[in-house]
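Trainee: Hey, can you walk me through this structure? I'd like to know what I'm looking at.

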Amino acid sequence: MTTPAAAQLLSKHRLEALSDGIFAVAMTLLVIELKVPNHGMASSDALATAVLEQLPTFVAWAISFFVLAIFWTTHSRLFHFVGRVNEPMTWLMLVYLGLVSLMPFTSALAGEYGTLLFAQIVYSTHMILLAAFSLMLVRYLSRHPELWATEVPPRFYRGARFRTLSLMAVAVLAIAINAAAPGFGSTAFILMFPLTRIGRRLERG
């Protein structure tokens, strides 16, 4: 006979499949903002100029794809420890995936209007919210052993916390940089390359 507590536990596989699908669609849609220049380019110089005009959009695509890759890899490793999910974790996951699906919009906004402070604030705020919900998921699982397939080691939470808090700090820095030097705020996210490596080392213990 199924107990009330057991009835609240759900199979992880459908949620994991939904997560992979949303990440795949969001990461694919990012590239749509990169447009092939219109037909009728009279020279290589004109074509090169038209391509270079999209450089801010390309930078926004590269940063957004890399950040989503960080979240996806953390998310994939998280599900290694998951045996089942309950309703609170499911709703945390759905809000998180909703934020993932929003990435093509905020990335396009940052690429098109990167010199405007408002666009950078929207993009950075989105990054902060993504990081916050990612950390909440890891924290929730680490505190609920009844959901584990295998024990969540403290070092996994340590590494995930470092990466997500680092991303939040970098997002705030990006706003400050854009306020001082319009159009250069997103360069702060380059810091995520070394910070992610440090997070991986912490995770390995």
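Trainee: Which residues in H4 meet H9?

Mentor: Phe66, Ile70, Thr73 and Arg77 in H4 meet Met192, Phe193, Thr196, Arg200 and Glu203 in H9. Contact here means heavy atoms within 4.5 Å. By class, this contact has four nonpolar, two polar and three charged residues. Ala, Val, Leu, Ile, Met, Phe, Trp, Tyr, Cys and Pro count as nonpolar, Asp, Glu, Lys and Arg as charged, and the others, Gly among them, as polar.

Trainee: Wait, where do these numbers come from?

Mentor: This is a predicted model, where local features need pLDDT of at least 70, side-chain atom pairs count only at pLDDT 80 or more, and totals for chains, interfaces and linings use all residues. Residues are numbered from 1 along each chain as its sequence is written, and side-chain values use heavy atoms, leaving out hydrogens and water.

Trainee: Ok, and how do H2 and H4 pack?

Mentor: H2 (residues 12–29) and H4 (residues 55–80) pack at about 170 degrees, with their axes 11 Å apart. That makes H2 roughly antiparallel to H4. The contact of H2 with H4 has 10 nonpolar, two polar and three charged residues. Among those that meet are Leu15 and Phe23 in H2, and Leu68 and Trp72 in H4.

Trainee: New topic: is H6 mostly covered or exposed?

Mentor: Mostly covered: eight of the 10 residues in H6 (residues 103–112) are buried. Buried means under 20% relative accessible area, exposed over 50%, partly exposed in between (1.4 Å probe, protein chains only). The buried ones include Met103, Leu109 and Gly111.

Trainee: What do they pack against?

Mentor: The buried residues of H6 pack against H2, H4, H5 (87–101) and H7 (117–142).

Trainee: And how many helices and strands does the protein chain have?

Mentor: Nine helices and two strands. Buried residues make up 40% of its 205 residues.

Note on methods
Axes fitted to C-alpha atoms, helices over the stretch in contact; angles between N-to-C directions. Helix = DSSP H or I, 4+ residues; strand = E, 2+ residues; numbered from the N terminus. Parallel < 35°, antiparallel > 145°, perpendicular 65-115°, else oblique.
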